[in-house]
Amino acid sequence: MSCSQLSVVKHLLTESQFFALEQYLSSLSPNCKLTASKISLANGIDLELTQKVLQKLVEGGIFKYSFGLRCPFCGLLLGTENELPAIEKEQYCYQCDESVEITPDNVEIIYTFDVYPFGEGQQNKRIIEPEESAAHSFDSLARLIENGILDLNAEFFSPTSQEYHELQAAYNNVFAKKNTTKEKGDSLEALVLQLFSLCRYFRAAPIRLRPNQIDCYVRNKLYIPGLSPASCTDSFVIECKNEKKTPSATYMNKLHSILRSTGKQFGIIVSKCPAPSTFLPLSNKIYLNDKIVIIALDADDLKQIIFNKVNLLECLSEKIDAVKLNATKDLKTLGLYYE
């Protein structure tokens with residue numbers, strides 16, 4: 001028996017490992033649910049190698065994965081989701097009779113056949129995999145992230161070709177000649193609202209407070225790992241400055257004041273021109289004193305995201321890290337961000 005569809009992983013395994021894996025998979029029901037640790041144990045293959053093999057099988061369309069949510073206290077399976085952005089941070093456990101907080105350690109990666117590669121005549125005695133009451137730590141979302149198998153940012157921000165085309169048109173409109181200052185400001189605000197609304201489970205809108213107008217208020221409906229270090233799991237504020245000069249410290253002071261008065265801990269200044277050289281050390285001082293993170297995005301950052309398709313969340317994470325570290329060298333230049 002041989003299944004050509006499994007050949008995508010042949011280069012990762014020895015001949016005996018590949019044969020054992022093929023025999024094992026052909027013995028399973030098309031509806032079975034698997035984890036990396038189960039497959040590793042059944043076939044005597046190293047855990048990390050098993051994870052790489054499974055990822056190749058997912059990319060090859062043989063397997064797909066879903067996310068099982070386990071209670072962090074009793075291990076009960078609370079439910080499953082097919083997409084990472086659909087995971088609600090808070091879940092109710094009927095066994096514990098209380099709401100529990102789900103972290104990547106409590107999310108189990110479950111593999112099922114997307115396309116069953118074996119004919120009916122090929123199957124041996126089928127194995128029915130038993131349900132387990134607790135997740136093996138290796139099968140957790142946290143381990144998948146740690147090993148670099150899953151790109152979290154792409155799960156939350158992945159515009160279509162049409163959406164990128166619309167963003168590019170909106171970006172070009174920002175730099176088109178305008179008759180009034182208001183038209184200039186509106187074009188940048190419209191672009192920012194459009195961009196952040198493309199991140200799954202962000203909701204962006206302008207909002208008026210007393211006495212300030214917030215250009216863009218972003219509500220984050222879900223826990224997003226790329227932004228959690230900024231403590232902005234609920235919402236954050238964006239100020240847009242569509243001027244042909246470097247943003248002054250006045251803008252940072254205004255945004256800092258808004259964040260303090262509203263109890264928020266993350267804000268963004270978006271401008272055409274790059275922030276002044278004093279921005280990073282000043283932002284770092286604000287972070288150290290108030291645990292408030294303020295970052296700056298300029299026209300070049302927007303261009304990288306919109307035209308070169310740098311992930312928005314990757315960009316934000318890099319900016320957040322730079323503020324917290326008060327880095328003297330660009331983190332991208334050091335190879336820490338943007339492949």
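Which residues of α8 meet which residues of α9? M252, H256 and R260 on the α8 side meet F279, L282, S283, I286 and D290 on the α9 side, where contact means heavy atoms within 4.5 Å. This is a predicted model, in which local features need pLDDT of at least 70, side-chain atom pairs count only at pLDDT 80 or more, and totals for chains, interfaces and linings use all residues. Residues are numbered from 1 along each chain as its sequence is written, and side-chain values use heavy atoms, with hydrogens and water left out.

**Helices α8 and α9**

- Two packed helices are described by the angle between their axes and the distance between the axes.
- The axes of α8 (residues 249-262) and α9 cross at roughly 20° and come within 12 Å; axes are lines fitted to C-alpha atoms, for helices over the stretch in contact, and angles run from 0 to 180 degrees between N-to-C directions.
- Helices (H or I, at least four residues) and strands (E, at least two) are DSSP runs, numbered from the N terminus.
- α8 and α9 are therefore roughly parallel to each other (angles under 35 degrees count as roughly parallel, over 145 as roughly antiparallel, 65 to 115 as roughly perpendicular and the rest as oblique).
- The crossing of α8 and α9 is right-handed; a crossing is left-handed if the near helix is turned anticlockwise from the far one by less than a right angle, and right-handed if clockwise.

**Helices α6 and α10**

- Helix α6 (residues 161-174) packs with helix α10 (residues 299-306) at an angle of about 155°, and their axes are 10 Å apart.
- That angle makes α6 roughly antiparallel to α10.
- Their crossing is left-handed.
- From α6, the contact takes in Y164, L167, Q168 and Y171, and from α10, A299, L302, K303, I305 and I306.
- By class, the contact of α6 with α10 has seven nonpolar residues, one polar and one charged (Ala, Val, Leu, Ile, Met, Phe, Trp, Tyr, Cys and Pro count as nonpolar, Asp, Glu, Lys and Arg as charged, and the others, Gly among them, as polar).

**Helices α1 and α2**

- Helix α1 (residues 15-26) and helix α2 (residues 36-43) have axes 10 Å apart and pack at about 120°.
- That makes α1 oblique to α2.
- α1 and α2 cross in a right-handed way.
- Here A20, L21 and Y24 of α1 meet K38, I39, A42 and N43 of α2.

**The second largest pocket**

- The second largest pocket holds about 420 Å³ of space.
- L280, E318, K319, A322 and D330 are the closest to its centre among the 24 lining residues.
- α9 (279-290), β10 (293-297) and α11 (312-325) each give two or more residues to this lining.
- The largest share, four residues, comes from α11.
- The lining divides into 14 nonpolar, three polar and seven charged residues.
- On a 1 Å grid over the protein atoms alone, a pocket is an open set of points where a 1.4 Å probe fits, with protein on both sides within 12 Å along at least five of seven lines, and lining residues have an atom within 4 Å of a point.
- Grid points are joined across faces, edges and corners, and a volume is the space filled by probe spheres set on the points.
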